[in-house]
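Here is a short report on one protein chain and its ligand. Please look over the structure first, then read on.

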Amino acid sequence: MFIDEAKIRVKAGDGGNGCMAFRREKFVPRGGPSGGDGGRGGDVVMEASQSHNTLIHFRYNPEHKGQRGQHGMGSNCSGFDGDSVILKVPVGTSLFDQETGELVHDFQTPGDRLVIAKGGRGGRGNQHFATSTHQAPREHELGRPGEERNYRLELKLLADVGLVGYPNAGKSTLISVISAAKPKIADYPFTTLEPNLGVVTVGEEPDQQSYVVADVPGLIEGAHLGQGLGTQFLRHIERTKVLVHLVDVSDASGRPDAVEDFKVINNELASFYSGDENLLAGKPMIVCATKIDAANPEKLKKLAAHAKRRKLEFHAISAVTGQGIDDLKWSLARHLRRPEDEA
Ligand SMILES: Nc1nc2c(ncn2[C@@H]2O[C@H](COP(=O)(O)OP(=O)(O)OP(=O)(O)O)[C@@H](O)[C@H]2O)c(=O)[nH]1
Ligand SMILES: [Mg+2]
């Protein structure tokens with residue numbers, strides 16, 4: 001798993017001081033205490049947001065402060081409260097206390113909010129200290145300091161795209177040509193024993209887009225019953241937004257029918273339940289014929305026709321010649337673009 005991390009230091013605003021004042025007016029002798037209260041210091045608040053994918057914005061900007069409360073004033077005027085600051089973090093961020101290492105909060109849904117440093121209370125002005133026997137109080141309080149804390153943020157990068165298919169279909173090869181990931185690649189089944197993540201970037205700044213692709217171990221018939229490596233690792237791609245189903249259309253697969261291969265793997269995906277939910281069968285799927293540099297033309301044609309009948313997007317790629325790879329990269333980027341990015 002990829003983990004993004006950031007350390008931050010936050011300080012909430014101090015409370016404003018209470019004021020000491022007496023009413024002074026013509027014809028009003030001994031006007032009584034009139035010192036207003038200090039305002040509350042601003043909090044530091046953390047909020048989960050859907051428009052952030054990483055913690056990179058904290059890397060260069062690790063200190064955040066709430067505004068201080070205004071001091072109280074004469075004529076019983078209170079000071080204004082300080083403004084809070086809101087720090088946005090991606091959904092899925094975990095917040096840890098840096099000193100104790102303790103988990104403070106998991107931000108799980110957009111809009112989820114937590115005060116992570118509380119603003120100091122404003123001090124009371126001397127108006128509050130008057131009693132029947134103590135009518136000219138000079139007491140007034142100082143504002144309390146705002147809370148100051150150090151936190152560590154942690155975010156597990158979630159895969160946006162899952163690569164599925166038979167062993168040897170070319171999943172690891174694909175991730176190695178579209179990202180910086182360097183998984184093991186070999187011509188025997190089950191080379192990949194646990195998921196690999198890679199970050200794919202398309203376009204140039206400022207319109208650059210990036211997404212995370214997961215390469216998972218190959219599936220075979222009966223995987224949901226424990227055949228091969230089983231299906232446990234499929235939970236790593238349950239939260240992806242799109243699956244790319246890789247089908248070897250060369251004769252290297254040793255199986256005669258690419259459409260049959262495609263159906264077998266889909267059956268396995270449909271049989272994967274975590275709890276009583278199946279999150280894979282209904283996911284958008286792109287069909288991708290692989291190894292077209294060595295394609296068996298019949299297999300390629302049949303698979304393309306099958307995808308068309310099922311109204312699934314179809315790509316044909318070769319990691320050897322590079323054919324179709326850019327198209328696939330851009331097409332995934334378009335699938336993942338959120339509506340708010342279009343504006
Ligand atoms: N000719 C040709 N061979 C390829 C291509 N892509 C991958 N291969 C070969 O196919 C074999 C399997 O590739 P991998 O990427 O390891 O396959 P995988 O799907 O990750 O397999 P598992 O990890 O075992 O599930 C390797 O020998 C690759 O060199 C391609 O586009 N053309
Ligand atoms: Mg592999």
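## Helix 3

Ala258, Asp261, Phe262, Ile265, Glu268 and Leu269 are the buried residues of helix 3. Buried means 20 or more other C-beta atoms within 10 Å of the residue's own; exposed means 12 or fewer; partly exposed lies in between, with C-beta atoms placed from the backbone.

The buried residues of helix 3 pack against strand 9 (161–165), strand 12 (242–248), strand 13 (285–290) and helix 4 (297–309). Contact here means C-beta atoms, placed from the backbone, within 7 Å. Helix 3 runs over residues 258–270, 13 residues in total. Its first and last C-alpha atoms are 18 Å apart, close to the 18 Å expected at 1.5 Å a residue. That expected span is 1.5 Å times one less than the number of residues.

## Basis of the model

This is a predicted model: local features need pLDDT of at least 70, side-chain atom pairs count only at pLDDT 80 or more, and totals for chains, interfaces and linings use all residues. Residues are numbered from 1 along each chain as its sequence is written, while chains are lettered from A and ligands numbered from 1 in the order in which they are written.

## The whole chain

The chain has six helices and 14 strands. Helices (H or I, at least four residues) and strands (E, at least two) are DSSP runs, numbered from the N terminus. The C-alpha trace spans about 105 × 40 × 35 Å along its principal axes.

Buried residues make up 38% of the 343 residues. Of the contacts with a separation of 6 or more, 72% join residues 24 or more positions apart.

## Around ligand 1

The shell around ligand 1 holds 24 residues, and Ser172, Thr173, Asp187, Thr192 and Gly218 come nearest. A residue is near a molecule if its C-beta atom, placed from the backbone, lies within 6 Å of it. Helix 2 (residues 171–178) gives the largest share of the shell, three residues.

## Glycine 92

Glycine 92 lies in the loop between strand 4 (85–90) and strand 5 (93–97). Glycine 92 is partly exposed, with 18 other C-beta atoms within 10 Å. Not counting residues up to four places away in sequence, glycine 92 touches Phe107, Leu155, Lys156 and Leu158.

Conventions. Two residues are in contact if their C-beta atoms, placed from the backbone, lie within 7 Å.
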